[in-house]
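Visitor: I am new here. Please take me through the strand pairing, one part at a time.

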Amino acid sequence: MVRPVLLLTAALLATFALNVSADEAIPRGQLPDDIRPERYRLQFNVDPRQERFAGVAEIDVTVARPVRIIWLHGHGLEVSKVTVVSPHTGLTAEYEEVEPLHGVARLALSGALPAGPATLRFDYTGGFRAGAEGLFREKVGDDWYVFSQMEPIDARRVFPGFDEPRFKTPFEISVVTRETDKVVSNALPGKTTRAPDGRLLHVFQPTLPLPTYLLALAVGPLDIVNATLPANAVRHAPLPLRGVATRGKGARLAYALEHTPAIVQRLETYFGIPYPYPKLDLIASAQMTGAMENAGAILFNETLLLLDDAARPTQLRSFFETMAHELAHHWFGDLVTPAWWDDIWLNESFAEWMGVKIADELRPDLGSRAGLVDSATYAMDVDSKRSGRPIHQPVSDNAQIASTFDSITYVKGGAVLSMMESYLGEQTFRQGVQLHLRRHENGIATSAEFFDALSDAAQQPAVVAAFRSFVDQPGVPLVSVESAGGRAGELSVTQDRYLPLGTSLAGGQLWQLPLCIHAYAGSGAPARVCSLLAQRSGTLVMPAGTMAVMPNAAGAGYYRFALDGPDLDRTVAVAAKLPETEAIMLADSVNAAFRAGRLPFGQFLEAARQLSTHPSRLASIALGSQLVDIKDHWADAATRAALSARIRDLYARRLAGLGVDVRRGAYSAEPAERRQLRRSLASLVVVDGRDAVLRGKLTDAARASLRDPAALDPEFRSMAWLVAVQELGDPFARLLESTLLASEDSLLRRDAAWALGMAEDPKSSARALALSLQPGIRTSELYGLLGGQFVSPVTRAAAWAWLRENLDDVMNRLPGFEKGRMFGVAESFCDASLRPELDRTLAAKSREIGSGELEVQRALEGLDLCVAQRAALGPSVVAEIGVQ
């Protein structure tokens, strides 16, 4: 059997297709329904010190009708033997990967396989991956480990099978390893015996029904720390809880093991269903990016698990949000699984929303709820493009699957769920969720079935129809609010699609929009006025004495708003007193109005000034972050300097009031909110505002920290190192590179990579780019080293020239699931002359790897919008800030 290459041109792919007869078209999306898997028995022979593994896969199937061809999945596997056995016949088969970009395989049987039960057996080998896909290897210290990452379609890199979410079956997994290696998988351990060659055979108990993408494996000299999920009112028996880390890091799992039970208990209470699996393992990997909800064996990047009470607030927030997100999947995704990838939005949207909800309940001081609202405003920017997509979008080809894991799925979906819960009421929404889970427990479900459960619980079909109007069409609603023809207390509201300046889109869309307005009168609580706006326009009556209105009450609605001049001025005047989420949405709508050409830059700056004093971190810096974007994309050198000065003017006084002491532990006793505010203000003033005094202070601390870690608190580490790289140039960059390469601390390495990536002098910039391809650099570090070079207008052009020449090497370092992210570099440019080259280079690479077409389109559209907005609005920026 020939091992297929992984990267093929379109012409070569067409050659493969010619080997399949015309009446046997390759299924590039869902497989035919003539074969259904019922049970897997998988045995893996794994030695992390080697580059390949061996496996035997037995699959019990039900054959719906007689077949001579079986379509299935396999990606880069060398299959040495296939047998097919049924009660009526025994057959041999020839295995061929006929679509090697996405791993579609064909079994050509030696005869007809009759309808009924059968068993397929494969003997095969496969290669470990370098990045987090399939079975991947990582080296920590002198030890090698293997972990798994199967979602979305990388189980086919690990064993031949039917790699679709609708096929949920029990799995029986066994692993042969060296005696010194430990093994973790989804199920509880069964028995361990001696294999014929003297190694150990680890046999696990059968799993509950699972899709292939939720299988998990971890092998190596692991630290395993035992704990317990205690019984509670929903689950009456305790369950095993374990932390799993690479050798020597087990003690650092204590915080995660201490706080996970409270998250599980909150989820059990919400769903009214006990945690669905017989144990829970939390697995830390240095190479993994993010986390993966494998049933009973969640895999995390180790920075999400290896922490303690003294961790920086951002790391603590990431722990609570991510842990709650991945655990929520154990009900919404694992217990009830999407039938196909077009419904993955519900899986991820729900976990995103629920993760924030639980994190905010347990640690409200970390700001998770406001973070979701803030993230929604960035999703709106994506959703405003022509190359946007609906949350629920048909997926007809494997090439489209990776693109569904984007901000539309996670953040827009989460924001729309939050809006629906706010409008229906928490209890009604929860009843719909519980009904959905009970109806489909251990099975699969579609979005339509979720809508049915919600409708049955709410008994409000119109509200569910409103939900679908946000799920089934792209775009961001814009609600225009103005006084209704002089009639006291009446507001006229009109909806349309938000259109940024430069778009080729036309308006005219309608949503069934749950509109809620807060009416402010004096110092009391605002009055809430709500209506389901299903037509183009309508009228709402405000209470007597209303002085200002906030057209997105509590920031709960997924829409932008426009107020006429005097009404906007009145709302901006009370901006600092608005609730946090409302202030965030006000900032977004001000920015959106400016970028649509409907708001003068002077009013933008006044709103930024008013919001800069808001108690909330995210509300206070929201428009400052937009000034940074304008500075880095629209401005020449003189205008950038003037905008940096304006950023200092907005935020330096408030930062001075908080103080800036970067020594380790200086602010450890302060509330998390205050610490996060200081860190964000410092980033604006020091990095973007280029404050000379503070840059000198941070440079001195950075230099000292390489000798004495106590000189620099981890909360300021990446910022101080960044400033020192820019101020001291290559001598400091060389020292920091050595620090990165010598460390096994993933958080320190990530901080160093980001700082090196923000280098500005040519020598240090070249060093960062070269380092990104050095062996041992992890995926998250590559993003920092390379991505930082595209942030700065000083280094952007040189970074593109380097990437253009090294694109193959960079892409080969990324897991398939991550490759499309690299195409986003095009959006960092605001230069029409570069567009043809960016389009030609990135589109060709997208075709070559068989994915990322949507990401290329979005990035190029972002460039087009930037060019149009800079041309139309840039002169007003220059005039307003007084550039000479």
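**Strands and their partners**

Guide: A hairpin of two residues links E4 to E5. This is a predicted model, where local features need pLDDT of at least 70, side-chain atom pairs count only at pLDDT 80 or more, and totals for chains, interfaces and linings use all residues. Residues are numbered from 1 along each chain as its sequence is written, and side-chain values use heavy atoms, leaving out hydrogens and water.

First, the terms. Strands (E, at least two residues) and helices (H or I, at least four residues) are DSSP runs, numbered from the N terminus. Two strands pair if DSSP finds at least two bridges between them. Strands of a sheet pair through backbone hydrogen bonds, either parallel or antiparallel.

E4 and E5 (residues 89-99) run antiparallel, joined by four bridges. Threonine 83 has threonine 92 in E5 as its bridge partner. E4 (residues 78-86) also pairs with E7 (residues 116-127), antiparallel, over seven bridges.

Now the open sheet. Its four strands follow the order E8-E9-E14-E11, with antiparallel pairing. The edges are E8 (134-140) and E11 (182-185); each has a single partner strand, so one side of each lacks a neighbour in the sheet. Neighbouring strands here are turned by 15° against each other on average, direction ignored. Axes are lines fitted to C-alpha atoms, for helices over the stretch in contact, and angles run from 0 to 180 degrees between N-to-C directions.

E11 pairs with E14 (residues 217-220) over four bridges, in the antiparallel sense. Serine 185 has leucine 217 in E14 as its bridge partner.
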